[in-house]
Amino acid sequence: MKPVDEHRIHQLFEIGVWLKGAHALIECVGGILLYVISTDTIASWVNTLTQEELIEDPNDFIAGYLSQMASHFSVASKQFYAFYLLSHGLIKLLLVIGLLRGKLWSYPASLAALGAFMAYQVYRYSYTHSPGLLVLTVFDAIVMWLIWQEWRAVRRHMAG
């Protein structure tokens with residue numbers, strides 16, 4: 001690979017890792033908020049946010065869906081999502097820190113973790129058909145490719 005290409009891939013790698021880090025922070029904050037906010041409060045907020053839209057258009061798909069989800073949001077679901085978001089975010093934060101510091105263990109660990117997350121996202125997509133899961137999975141695949149390229153370059157430089 002030419003040095004210019006390697007430099008460009010390294011720049012894209014850093015951008016992708018920083019974006020994964022930002023996403024991990026958002027997941028951590030979301031997980032913490034879910035732990036500390038009651039299901040009644042969440043339902044109240046969603047109802048407040050969707051109330052005007054549902055008055056204006058009682059058949060509004062998004063507002064109706066959110067309102068229905070909030071009314072069926074159980075404590076067990078809340079605890080699952082809080083744990084999932086917080087653990088997922090913390091794992092990604094640890095990996096992002098390792099990648100940005102150039103720690104060798106973080107490259108294969110990141111590839112394994114992102115591969116596992118992608119497999120779960122595809123599994124969830126088979127039930128939810130959420131376009132957001134597809135977008136996240138494609139982004140993860142791109143970041144995995146960048147991590148792989150960066151890891152190859154790091155190993156090549158270490159050998160030379």
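Lys 92 is buried, with a relative accessible area of 5%, where buried means under 20% relative accessible area, exposed means over 50%, and partly exposed is in between, taken with a 1.4 Å probe and protein chains only. Its side chain meets that of Glu 27 in a salt bridge, with 3.2 Å from N to O, and by salt bridge I mean a side-chain nitrogen of Lys or Arg within 4 Å of a carboxyl oxygen of Asp or Glu. Because Lys 92 lies in helix 4 (residues 75-100) and Glu 27 in helix 1, this pair ties together parts that are 65 residues apart in sequence. Helices here are DSSP runs of H or I with at least four residues, numbered from the N terminus. Glu 27 is buried as well, at 7% relative accessible area.

Before I go further, a word on the source: this is a predicted model, in which local features need pLDDT of at least 70 and side-chain atom pairs count only at pLDDT 80 or more, while totals for chains, interfaces and linings use all residues. Residues are numbered from 1 along each chain as its sequence is written, and side-chain values use heavy atoms, with hydrogens and water left out.

How many salt bridges does a search of the whole structure find? The search finds 3, and another of them joins Lys 20 to Asp 140, whose closest N and O atoms are 2.3 Å apart. Since Lys 20 lies in helix 1 and Asp 140 in helix 6, the pair ties together parts that are 120 residues apart in sequence. Lys 20 is buried at 4% relative accessible area, and Asp 140 is buried at 2%.

There is also the salt bridge between the side chains of Arg 156 and Glu 6, at 2.9 Å from N to O. This pair links distant parts of the chain, with Arg 156 in helix 6 (residues 131-159) and Glu 6 in helix 1 (residues 3-36), 150 residues apart. Is Arg 156 buried or partly exposed? Arg 156 counts as partly exposed, at 36% relative accessibility, whereas Glu 6 is buried at 18%.

Conventions. Helix = DSSP H or I, 4+ residues; strand = E, 2+ residues; numbered from the N terminus.
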